[in-house]
There are 2 protein chains.
Amino acid sequence: MTPKEYQFLGKGHRLVEGLEKVTGRARYAGDMTLPGMLHARPILSPYAHAKIVSIDKSAAEQMPGVVAVLTAEDLLTKNRVIASRNSAVLAKERVLFRGQPVVVVVGDSPAAAQDGADAVLIEYEPLPVVADMLQAMTPAAPVIWPEGLPRDETDLTAAHAAVAKETEVMKRAPSNVHEENHYRRGDVEQGFKEADVIVEHTYTTSIVHQSYLEPHAAVAEPDPLRGSLTLYTGTQGQFMVRDEVARILALPKSKVRVVPLTMGGGFGAKYGIIEPLVGAIALALQRPVRLVLTRSEDFLTTTPAPASRIELKTGARKDGTLTAIQARIILDNGVFAFAIGGIAATLLGGYYRCPNVQLDCYEVITHKPQAGAYRAPGAPQATFALESNMDELARALKLDPLEFRLQNAAETGDPTGTGEIWPNMGLKLCLERMKKHPAWQNRTKGADEGIGLAIGGWPCFMTPSAAICRVDSDGTVRLQLGSVDISGVNSSLVLIAAEILGVSPEQVEIVQGDTHSGPFGAHSGGSQTTYSMSGAVANAAQEARRKLLEVASDHFEASADDLEMRDGQVQVRGVPDRMISLAELVEIAQTKAGGPGPIVGEGHAAVEENAPGFVVHLAKVMVDPETGQVTPTQYVAVQDVGFALNPMMVEGQIHGGAVQSLGWALQEAMRYDEEGQLLTGSFMDYAVPKFDSVPGIETVLVANPSPHGPFGARGVGEPPITAGPAVIANAIRDAVGVRITEAPMSSEAVWRAMQEKNER
Amino acid sequence: MTPKEYQFLGKGHRLVEGLEKVTGRARYAGDMTLPGMLHARPILSPYAHAKIVSIDKSAAEQMPGVVAVLTAEDLLTKNRVIASRNSAVLAKERVLFRGQPVVVVVGDSPAAAQDGADAVLIEYEPLPVVADMLQAMTPAAPVIWPEGLPRDETDLTAAHAAVAKETEVMKRAPSNVHEENHYRRGDVEQGFKEADVIVEHTYTTSIVHQSYLEPHAAVAEPDPLRGSLTLYTGTQGQFMVRDEVARILALPKSKVRVVPLTMGGGFGAKYGIIEPLVGAIALALQRPVRLVLTRSEDFLTTTPAPASRIELKTGARKDGTLTAIQARIILDNGVFAFAIGGIAATLLGGYYRCPNVQLDCYEVITHKPQAGAYRAPGAPQATFALESNMDELARALKLDPLEFRLQNAAETGDPTGTGEIWPNMGLKLCLERMKKHPAWQNRTKGADEGIGLAIGGWPCFMTPSAAICRVDSDGTVRLQLGSVDISGVNSSLVLIAAEILGVSPEQVEIVQGDTHSGPFGAHSGGSQTTYSMSGAVANAAQEARRKLLEVASDHFEASADDLEMRDGQVQVRGVPDRMISLAELVEIAQTKAGGPGPIVGEGHAAVEENAPGFVVHLAKVMVDPETGQVTPTQYVAVQDVGFALNPMMVEGQIHGGAVQSLGWALQEAMRYDEEGQLLTGSFMDYAVPKFDSVPGIETVLVANPSPHGPFGARGVGEPPITAGPAVIANAIRDAVGVRITEAPMSSEAVWRAMQEKNER
């Protein structure tokens, strides 16, 4: 089949679970109720760094409805080192960030647990706080982990056989810079010598929260007989959560079952944060327990995107040839390691073909919550810096900014910033496409208006995955999947099965696998799910098709080559009255001795190579000359999606990513004071884009098929968040002539820059 | 592999779910609690035949905690014809048997519902009752269905497209004999002419209840959004229950999901009796609802084995050659059709090679609950008659009863009583084996003691089945099955996977599929589950093994032929230090680009032919000359099991079947009076064998491998219940010289026969 012949693929189809979601029937972890279930409420540290002097549970334990008041000592993890936010089941002896859980109170009801929590008395002795990453890097700063970062696998009770090989080699002498990475290509000194123009700026981005609609929530149910644990949670990857919970609670993996529920948004943050704690509580009390974080708790205790500082120097010749890129990348990991400098470097030194590149990455520890993954982690930061500098280079060289990028854009086979080689990629195709777009062709602007443009992209990952396709005796096709759907993936996968089996997409159902009912599939991150799963689903459906045709071939005494499958039926080609429904074929298969057996197809895919996705975004903004307020008024997003299995879902991803990138660009920042206190712990203080602050977003899909996977699809989830901050910065520059290097680009910053410019 | 090389198969292994069961952790339908769940209590008809004059709900509806009082009119099935016990959601206009549900009261608690039920006033007008099957056959008897049997598929609201082809052709003019079947082979008149001895008796068996430990119970949960229904129930076949509920409630199959829970015994009766009613209530109220029958309700309203009357005439020559078998078989179907004469005839005319056979089967309607399947339906009845007559023939001919049977026993290729051809069978092997057994070789008996012997058997069925075998990243092997385990099947299937994958059986877990999560597998009836599933499981495990070896082959750079898989590892043959665990191989498979993908194997089997199972049982009894009480003191059960995958489970099946056959022989009878009132509606009145009334049972397994299936296993569940009544009758004959032809053989009947004999 070629795309033109597809009946369903590429045509668009509603979100398969949309009805549940809009009617409120979808069940989230917070909706789960089990018989005898208890409710947990955490007490979070009010200090960013303090010694826990004493914990007085007595008053709380007397409260009606309070079942237990638990500290680290009460959980089976009491002897474990706390080495990451995930493993921080409860703080021991000292607290290391504002929001670290110290005590958990369990009650018959959420209210009883909260009343109990209010009655626990904890005495702290505040200790010096290192809240700022630049301060943390100074020689004078107290070293937060003088003995080196704690290692996740250390369990003081016992040495496990499997532990040794996980041990991470310490990269440096004690310092708050827990990891450095240096990437070199060519000779940047020589490159800058060859440059006619050099642009040098320091860019910063803030800590940005993923701001999923559903705060973290989980239900744990112990099985005292088997010593096992079932966790119900909204997660991006049940197998990853299972493995992590098993590791932290020192249970065999087979004793932990993670059942993924409907997701209220993940964006990288839903791989298990409270799950080990909820599991530990359930095991301690041998009762089912539910914990749902409040929005403020979620802000305080989860893992937002790290703040960044990128000192960037770029040079180019008059003819537009890039000669050198040099960057110092500093990332605020919070109190535990979360190193993403490598991804930032991949893009910073990989978007463009440049002979001389030097990238130095520093991962810094501070007394703040551990940083975590947020949609394309590292990419908005790197892209903001590089694409701002590229804009300035083009201006300095008086080159068309799009032509300048096109001239230098990386192509298949070029190196990334970390020295890998780009597989098949479509960056130039996107630039060519934007070049022809009316918004670029006919760009005009009024007073205080500006148009900005930037590229972006993401390597997109992959994971070997399997799928099962079964056809039931009423013709219903069921896809059993171990992947979870956080972004509409299932609404594409049903189309694949429908296309191959010639049935309506409504006839295809998804059966969500948990860690016991599998099969193993890609987790939902790294823009990999559709790319990894679609081959598995296609192969499973093909196998089911093959078996159905075998039955039909026998039934009609005709060669399978002479049969066609469509509209839920198999018919002999050219003989319309010789037809049989899939339902009837399944009935035969389920009863016929010596036949092919029930119609069950296993399919798998282990794609050989990733399929990176690139974008070119354009925005028009209006800048209020009185206040500096920036209002985007137009947005065009060109993206190489390979092939849009379900264009409606792809466009939704692009809209969502672009809107989040406008949050990065203009609004979102988790601000901490010098004592490590979060100043923006609710949606009253932390501003996400709202419907009325976002312009219409036009999506333009470029189809540069991935050479792998059955239909040419690429990952689409992360690329659309990467370009926005640079696009807006470049548009502001175009509108009012100032270069803003700090994201979010607040009205105040823009106004100040305009003032300074006017003063010059 | 040959059986001698097996590491686990044939060695015996504990019941995989035994721990849950003995500790009370296993969850049955009656243990299910869902948020907002209601409780239903039925009101059963006190009459066997009556007009429903009026139903006054008003008082009940006012009771606290009563949510609804529902009659047939209140359910969406109101326009459906009641055509079977299964479809008898609630009686309409008239009741047709004592125990038919008329009203259901739904409350917040079981107690509230029961209080409500006690307050409903129903006025009946009694109608003439035809309770006895012989009376029902007389020309003078009122015809219960003068218009012919109602047809299941008739829905008065609409004509469904799928209905027409299900329509059953009426076999006869209106009569209480709703179906007759006549089977002929040779010429019985000629056969009797050739006979030197003719034995003629009339045998009767009673209505016998399956007496499972768990009464019928189900929970139904509606999904108002999708208009769908989930049923939780202990069942022998979730797909069959799903299809039946969908049909009766006029829902597409895809809108009904049946989740099979732990089973507290089925024996043929757990294919859905109350499920359509519970589903209809949940849909009517749009709330989850649970119904658990009391033991007495269960006796009154479910589907026990039919009573039978077999008029049997057999002839043989002096040399021991059987010349003719003639039988008139009458079965009491109750008020709806349940025809099993064909199975009785299959065995009656098929156990022995006999040239002249005439079998006439009559299926009779009475005002009693519909009969249903009970372990080897029809076989204990037929075997009781035939094997009693065979004993008398041997006596009359002064032949050794075992040699006489051996001389005439059917062999592979001989016809059954209905003209089918026996596939590979081992009846003679069983007789040969019993012949050598000390209990037969050295048989001695004291005063009032007797030894009896009889054969028995069952065709054993099969259903195409599929299975999924997944290996997890900790080496755990999971078998995903759509079959359910009512008899230890899973405890054999885990051994198959363990054997093939070289892991401990403890490392193999069963993942129970429901109708959504499948895959389709054989239902647990007809002694088919192990026979049908073991090939599917073996093929699935082989496929997983193949993939693991592919990964290992790549890892070791060695040919798969040079690798061996054992103790949870793959190693290079002869190089013990080159080994890798299955867990590590799975990790590689789940991460390696271009590899075989996650380790998921699909397997299926659609066995070409059934593999009948035969038995020879022997019992010694002591008959009390004063009271006629019969006490079995020894029991030997020889059975062709093909190959015992898990001998512990096979022996358990033989023990259980033999004990139940002793119930048939000596104790169990559901007695009705002439008004159709059940006189034995509790375990106070209905006596099942108890531990102290059962002798030790010695099992002797004959291994005559089935030519189909991967290991030679045959069905083992039903054969052991077939011989017992005849064995006991023959032992009584041997002990005290009387031939009892009515089962159960009560002390009174034995005593009366002894008196009559003494008077002669």
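How many residues does the contact take from chain A and from chain B? The views below begin with that contact. This is a predicted model, in which local features need pLDDT of at least 70, side-chain atom pairs count only at pLDDT 80 or more, and totals for chains, interfaces and linings use all residues. Residues are numbered from 1 along each chain as its sequence is written, while chains are lettered from A and ligands numbered from 1 in the order in which they are written.

**View 1. The contact between chain A and chain B.** The contact takes 47 residues from chain A and 47 residues from chain B, two residues being in contact if their C-beta atoms, placed from the backbone, lie within 7 Å. On the side of chain A that touches chain B, the elements giving two or more residues are helix 1 (18-23), strand 17 (465-471), strand 18 (477-481), strand 19 (508-512) and strand 23 (600-605) of chain A. Helices (H or I, at least four residues) and strands (E, at least two) are DSSP runs, numbered from the N terminus. The predictor assigns the complex an ipTM of 0.93 and a pTM of 0.94.

**View 2. Domain 1 and domain 3 of chain A.** The domain assignment of chain A, automatic or from a database, gives domain 1 (3-25 + 462-605), domain 2 (32-128 + 216-292) and domain 3 (308-460 + 610-759). Taken over C-alpha atoms, the centres of domain 1 of chain A and domain 3 of chain A are separated by 38 Å. Contacts join 21 residues of domain 1 of chain A to 24 residues of domain 3 of chain A. Helix 14 (489-501) and helix 15 (529-556) of chain A each supply at least two residues of the side of domain 1 of chain A that touches domain 3 of chain A. Helix 15 of chain A gives the most to that side, with 5 residues.

**View 3. The surroundings of A:Ala497.** Not counting residues up to four places away in sequence, A:Ala497 touches A:Cys469, A:Val477, A:Leu479, A:Val508, A:Val537 and A:Ala541.

**View 4. B:Lys435 in helix 12 of chain B.** B:Lys435 is found in helix 12 (residues 427-436) of chain B. B:Lys435 is partly exposed because 16 other C-beta atoms lie within 10 Å; a residue is buried at 20 or more such atoms, exposed at 12 or fewer, and partly exposed in between, with C-beta atoms placed from the backbone. B:Lys435 touches B:Leu402 and B:Trp440, not counting residues up to four places away in sequence. The C-alpha atoms of B:Lys435 and B:Pro423, 12 residues apart along the chain, are separated by 24 Å.
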